[in-house]
Amino acid sequence: MNASLLISDEIEGLHEFFQQFFTGVAKQSSATRFEDVLDDNFTLITPGGQIISRENIIATIRQSHATRNKMRIWTENIESRVLSDNLYLSTYKELQETEDETTTMRLSTAIFRVESDKVIWVHVHETWIKN
């Protein structure tokens with residue numbers, strides 16, 4: 001499978017996991033699904049400009065297990081391009097629908113490292129998209 005398809009599958013799969021984890025469909029112990037695909041030096045820049053380390057985002061995700069009764073998370077418009085031998089830059093739109101049916105949107109830019117058939121998240125930067 002080519003790297004762009006692997007990356008698209010990973011983006012979609014991880015966001016599906018988040019939905020299941022936050023709503024309690026996935027067990028607490030399944031958090032390793034998320035942890036195993038993060039680079040040791042992973043960083044997330046939130047839409048509000050906060051820089052979050054790998055350790056802090058893992059703790060935040062773990063604390064969010066089964067905290068939402070109903071929500072939906074999905075991605076659209078995934079595009080990837082090669083930066084170097086095994087590094088890729090991807091952009092995608094992430095949408096979240098909450099229990100009160102409010103939908104938020106963000107544009108995410110992510111850097112991935114592809115090792116054989118494994119996709120590793122290196123960095124993500126999110127920006128709010130106004131409805």
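Mentor: A polar contact is a pair of N or O atoms within 3.5 Å; within protein, one must be able to donate a hydrogen and the other to accept it, and residues adjacent in sequence count only if both atoms are side-chain atoms. This is a predicted model, in which local features need pLDDT of at least 70 and side-chain atom pairs count only at pLDDT 80 or more, while totals for chains, interfaces and linings use all residues. Residues are numbered from 1 along each chain as its sequence is written, and side-chain values use heavy atoms, with hydrogens and water left out.

Trainee: What makes the pairing of the side chains of E10 and R33 a polar contact?
Mentor: The two side chains meet at 3.0 Å, and the limit is 3.5 Å. E10 itself belongs to helix α1, residues 3–23; helices (H or I, at least four residues) and strands (E, at least two) are DSSP runs, numbered from the N terminus.

Trainee: Why is E10 called buried?
Mentor: Buried means under 20% relative accessible area, exposed over 50%, and partly exposed in between (1.4 Å probe, protein chains only). E10 has a relative accessible area of 10%, so E10 is buried. Leaving aside residues up to four places away in sequence, E10 touches R33, V37, V119 and W121, where contact means heavy atoms within 4.5 Å.

Trainee: What makes the pair R62 and E35 a salt bridge?
Mentor: A salt bridge requires a side-chain nitrogen of Lys or Arg within 4 Å of a carboxyl oxygen of Asp or Glu. In this pair the closest N and O atoms are 2.6 Å apart. The partners come from distant parts of the chain, R62 in helix α3 and E35 in helix α2 (residues 32–35), 27 residues apart. R62 is partly exposed at a relative accessible area of 31%, whereas E35, at 14%, counts as buried.

Trainee: How many salt bridges does the structure hold?
Mentor: There are six. Among them is the one between R113 and D39, 2.7 Å from N to O. That pair links strand β5 to strand β1 across 74 residues, and D39 is buried at 12%.

Trainee: Why does the salt bridge of E126 and R106 tie together separate parts of the sequence?
Mentor: Their side chains meet at 3.1 Å, N to O. E126 lies in strand β6 and R106 in strand β5, so the pair joins parts 20 residues apart in sequence. E126 counts as buried at 10% relative accessibility, and R106 is buried at 11%. Elsewhere, salt bridges with shared partners join D39, R113 and E115 into one network.

Trainee: Why is S116 called exposed?
Mentor: The relative accessible area of S116 is 72%, and exposed is the word for values over 50%.
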